[in-house]
Amino acid sequence: MDYKIIELNIEDMKKYAGIPISFTVETILVPVQIDKGVGGISFVEQAVSPYIKNYEEFGSGAENWHKRFDTSNWVRFAVIDKKGSFIGGATVAYKTDNVNMLEGRDDISVLWDLRVHPDHRGKGIGKSLISRVADWSKSKGCVMVKIETQNINSNACKFYSAMGCRLGGIKMHEYKEEGLESEVMLFWYLDL
Ligand SMILES: CC(C)(COP(=O)(O)OP(=O)(O)OC[C@H]1O[C@@H](n2cnc3c(N)ncnc32)[C@H](O)[C@@H]1OP(=O)(O)O)[C@@H](O)C(=O)NCCC(=O)NCCS
């Protein structure tokens with residue numbers, strides 16, 4: 001392993017924010033409802049004209065999360081290579097009043113952010129981060145880690161599935177206010 005994973009302080013989040021999170025959308029997972037969903041939903045992978053998706057455009061930036069939320073119970077991990085460059089990161093939200101995704105529960109954590117530098121994707125770094133996130137969450141007494149992604153991030157869906165996560169929530173029209181009505185919200189759960 002040519003990298004190490006360290007815990008970060010809020011002051012170091014500027015470096016974390018510098019790790020690109022954007023990716024190219026080449027396929028999307030189209031939900032197909034059987035009998036209007038009563039008979040189940042399956043996802044069919046469909047090619048699209050490629051475009052860049054950047055989550056940073058929709059949030060205030062990793063270095064500012066602590067201004068929007070009380071992050072005193074959160075943990076931030078960074079992956080550092082031999083030269084000291086930041087090549088990956090994961091942030092976990094836990095026990096925070098105004099984070100709806102936590103459902104007011106103290107026994108789940110939320111993978112708030114996960115990113116691997118594009119030059120280093122596909123080398124097992126995401127897997128190492130998930131393992132670290134799972135260990136940390138277990139140490140807090142959590143029974144699962146909850147993760148939000150979208151059907152336009154088919155690579156992340158494949159990644160979460162490969163990590164042993166199960167799809168536990170599908171919301172079809174959740175991103176309308178953000179002008180992203182065609183995107184489907186997906187919740188993945190990693191049982192600990
Ligand atoms: C999703 C992401 C974090 C995965 O990290 P990664 O370091 O590239 O993933 P890993 O190399 O650890 O992959 C582990 C396993 O996941 C699966 N996987 C990962 N990327 C995949 C892809 N593009 N297509 C299919 N399967 C994939 C594979 O099974 C892989 O194991 P293998 O390499 O032995 O086949 C990374 O691609 C990324 O930063 N994407 C952009 C930001 C993003 O989408 N973040 C998540 C937001 S919800």
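Predicted model: local features only at pLDDT ≥ 70, side-chain atom pairs only at ≥ 80, totals over all residues.
Local features are included only at pLDDT of at least 70, and side-chain atom pairs only at pLDDT 80 or more, while totals for chains, interfaces and linings use all residues. Numbering starts from 1 along each chain as its sequence is written.

**View 1. Here's the shell around the ligand.** The ligand has 19 residues around it, with R121, G126, K127, N155 and A162 the closest. To count as near, a residue needs its C-beta atom, placed from the backbone, within 6 Å of the molecule. By type, the shell holds eight nonpolar residues (Ala, Val, Leu, Ile, Met, Phe, Trp, Tyr, Cys and Pro), six polar ones (the others, Gly among them) and five charged ones (Asp, Glu, Lys and Arg).

View 2. The top contributor is α4, with five residues. Helices here are DSSP runs (H or I) of at least four residues, strands are runs (E) of at least two, and both are numbered from the N terminus.

**View 3. Strand β4 sits between two partners, β1 and β5.** Five of the seven residues of β4 (residues 75–81) are buried, so the rest of the structure largely encloses this strand. Buried means 20 or more other C-beta atoms, placed from the backbone, within 10 Å of the residue's own. Strands pair when DSSP finds at least two bridges between them. Strand β1 (residues 3–7) pairs antiparallel with β4 over five bridges, and Y3 stands opposite D81. Six bridges link β4 to the antiparallel β5 (residues 86–93), where G88 partners V79. Four residues separate the strands of the β4 and β5 hairpin, and G84 has a positive phi near 90 degrees.

Methods. Buried ≥ 20, exposed ≤ 12 C-beta atoms within 10 Å, placed from the backbone.
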